[in-house]
Amino acid sequence: FCSFICSPQLFAIFAFATCGGYSGGLRLSVDCVNKTESNLSIDIAFAYPFRLHQVTFEVPTCEGKERQKLALIGDSSSSAEFFVTVAVFAFLYSLAATVVYIFFQNKYRENNRGPLIDFIVTVVFSFLWLVGSSAWAKGLSDVKVATDPKEVLLLMSACKQPSNKCMAVHSPVMSSLNTSVLSEIQSGKALKKRKRVATVTGL
């Protein structure tokens, strides 16, 4: 019973917590021929909702004191925000359903209205989970590409000169974002399981 009730809640919590609370960053270095123009610690931070085109940073051009202002490429905010919104509402619905199942079980089984409503809402959420997981999986892929240090280095004019040495100091950690996608898929499966149970018991 607990696994039937609690699984959607737990997976939804993991989904919106790992995505909505994410912040990451990368560090690059540009070593110019003239060492005084170098910057060996260029920090670039980004976070949910991943409007990467608004993340700006300055890098040396290795041509005197002139600096180049750049921005990351892409905007995955729509898929990320949709993902988190669906996760939050799925959690709230699962929480409300838990209260009904525990404290109002008799009324829930009195007629077909309760199971029918539960069935319809669960079908809707299952569809939203499918759409959300697909959209966010694509959005996450775009975020990974846009924040790949190798891709960011290609944006810098100084790094196009063989005499300058450009390298990544460290890459962003994406493990929690990978977890968010897996959690959303598992939550969708848990909702589908409850949909089947609601179909059998009430319809």
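Here is a short walk through a predicted model, going from its sheet to its helical stretches.

Let's start with the sheet. Strands of a sheet pair through backbone hydrogen bonds, and they can do that in a parallel or an antiparallel way. In this model, three strands make an open sheet, lined up in the order S2-S1-S5, with antiparallel pairing. Strand S2 (39-47) and strand S5 (165-170) sit at the edges with a single partner strand each, so one side of each has no neighbour in the sheet. Going from one strand to the next, the twist averages 25°.

Now look at strand S1, residues 23-31, and how it holds on to S2: seven bridges join these two antiparallel strands. You can find some of the pairs yourself. Arg-27 has Asp-43 in S2 as its bridge partner, and Gly-24 has Phe-46 in S2. Turn to S5, and you'll see that S1 pairs with it over five bridges, again in the antiparallel sense. Here, Leu-28 stands opposite Ala-168 in S5.

Is S1 largely enclosed or left open? Count a residue as buried when its relative accessible area is under 20%. Seven of the nine residues of S1 are buried, so the strand is largely enclosed by the rest of the structure.

An unreviewed UniProt entry places the feature "transmembrane region" at residues 82-104 and 116-137. What does the model show there? Residues 82-104 are 96% helix and 0% strand, and their end C-alpha atoms lie 32 Å apart. Residues 116-137 are 100% helix and 0% strand, with end C-alpha atoms 31 Å apart.

Conventions
Residues numbered from 1 in each chain as written. Predicted model: local features only at pLDDT ≥ 70, side-chain atom pairs only at ≥ 80, totals over all residues. Heavy atoms only, no water. Pairing = 2+ DSSP bridges. Helix = DSSP H or I, 4+ residues; strand = E, 2+ residues; numbered from the N terminus. Axes fitted to C-alpha atoms, helices over the stretch in contact; angles between N-to-C directions. UniProt positions renumbered as here; feature names shortened; annotations may be inferred. Buried < 20%, exposed > 50% of the residue type's maximum accessible area, 1.4 Å probe, protein only.
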